[in-house]
Amino acid sequence: WLDSRVGRWIVLVVGVVEIVLFLYAWQVEPRQLDITKHEVNTDKLAAGERLRIVHLSDLHIDGRDRLPDGLADELNRLEPDLVLLTGDYLNDPLPDSEEALLEFIADLESRLGIYGVAGNWDVRAWSNARSLLREAGAHMVDGFATEVAGSELPIRIHGHFDASMLEAHGEYPGFDIALHHSPDSIEDLSGKIDLYLCGHTHGGQVR
């Protein structure tokens, strides 16, 4: 049927659609700002109390034009109590990319601080993302847990924890948050953690 006129038109149309989707994924979607809001109820917060968390993942910065214009200002207008980051910050080690990441994180405002973990791209030898984040004032929590200073509600943040590590730390009376780059460990930590945040799926294709 490929030798028929209809078959050739079908192949042509499919090819054009694939090219359009590739260009959209390459040039449009990475620069498109979309803020998704979720409300999580917990009895660990007293009635009327709120904890606002901004979660960012998979920035994949490659050059100064990768981030949407005004992203830091837009996030600061949300007045977050916590900013939590779950990896894959850079696509390359070029100075423009590293400077863009450093400036972006430094421009974020968070009442209780910025905490993050590395992604799979950030463990490559050429990625300087973790040290840049620390330089910008973020707390990197890969492989350990830390309590958030200054919070009325006790908050503990775990970075890349598994169930055995969590059990070794014992029960926690406050709000327990796990940061992972990927969703792989969520079943192991289900029922043992108050909130699990991850990225890796680039837009939530897998939930």
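# Briefing on a predicted model

H139 is partly exposed, with a relative accessible area of 40%. The protein has six helices and eight strands, and 41% of its 207 residues count as buried. Below, the tour goes from the overall layout to the strands, then to some individual residues and a pocket.

**Overall layout**

- Along the sequence, the elements follow one another in the pattern α-β-α-β-α-β-α-β-β-β-α-β-α-β.
- Taken along the principal axes, the box filled by the C-alpha atoms is roughly 70 × 40 × 35 Å.

**Around H139**

- H139 belongs to strand β4, which covers residues 139-140.
- The accessible area of H139, at 40%, puts this residue in the partly exposed class, because that class lies between the limits of under 20% for buried and over 50% for exposed.
- L108 is 31 residues away from H139 along the chain, and the C-alpha atoms of the two are 13 Å apart.

**The four-stranded sheet**

- Strands β5, β6, β7 and β8 make up an open sheet, in the order β5-β6-β7-β8 and with mixed pairing.
- At the edges of this sheet sit β5 and β8 (195-197), each of which pairs on one side only.
- From one strand to the next, the twist averages 20°.
- Inside the sheet, β6 and β7 (residues 175-179) run in the parallel sense and are joined over five bridges.

**A closer look at β7**

- How many residues of β7 are buried? Five of its five are, so this strand is described as mostly covered, buried meaning under 20% relative accessible area.
- In a regular strand, side chains alternate between the two faces of the sheet.
- In β7, F175, I177 and L179 point one way, while D176 and A178 point the other way.
- Both of these sets are buried, D176 included.

**β1 and its partner β2**

- Which residues of β1 lie on its covered face, and which on its uncovered one? V54 and L56 are on the covered face, whereas I53 and H55 are on the uncovered face.
- β1 pairs with β2 in the parallel sense, over four bridges.
- H55, from the uncovered face of β1, has L84 as its bridge partner in β2.

- H60 is not a glycine, yet its phi is positive, at about 45°.
- The loop between β1 (53-56) and α2 is where H60 lies.
- Is H60 buried or exposed? With 4% relative accessibility, H60 counts as buried.
- E79 also has a positive phi, here about 50°, without being a glycine.
- Its location is the loop between α2 and β2 (82-85).
- At 62% relative accessibility, E79 counts as exposed.

**S151 in its loop**

- S151 is found in the loop that connects β5 (145-147) and β6 (155-159).
- Its relative accessibility is 18%, so S151 counts as buried.
- A polar atom of the S151 side chain lies 2.5 Å from the backbone oxygen of L153.

**The second largest pocket**

- The second largest pocket holds about 250 Å³ of space.
- Two elements, α2 (71-76) and α3 (95-107), each give two or more residues to its lining.
- Which element gives the most to this lining? That is α3, with four residues.
- The lining is made up of R64, L67, P68, D69, G70, L71, A72, D73, A100, E103, F104 and D107.
- Sorted by class, these are six nonpolar, one polar and five charged residues.

Notes
Residues are numbered from 1 along each chain as its sequence is written. This is a predicted model: local features need pLDDT of at least 70, side-chain atom pairs count only at pLDDT 80 or more; totals for chains, interfaces and linings use all residues. Side-chain values use heavy atoms; hydrogens and water are left out. On a 1 Å grid over the protein atoms alone, a cavity is a set of points where a 1.4 Å probe fits but cannot get out, and a pocket is an open set with protein on both sides within 12 Å along at least five of seven lines; lining residues have an atom within 4 Å of a point. Grid points are joined across faces, edges and corners, and a volume is the space filled by probe spheres set on the points. Ala, Val, Leu, Ile, Met, Phe, Trp, Tyr, Cys and Pro count as nonpolar, Asp, Glu, Lys and Arg as charged, and the others, Gly among them, as polar. Buried means under 20% relative accessible area, exposed over 50%, partly exposed in between (1.4 Å probe, protein chains only). A polar contact is a pair of N or O atoms within 3.5 Å; within protein, one must be able to donate a hydrogen and the other to accept it, and residues adjacent in sequence count only if both atoms are side-chain atoms. Two strands pair if DSSP finds at least two bridges between them. Axes are lines fitted to C-alpha atoms, for helices over the stretch in contact, and angles run from 0 to 180 degrees between N-to-C directions.
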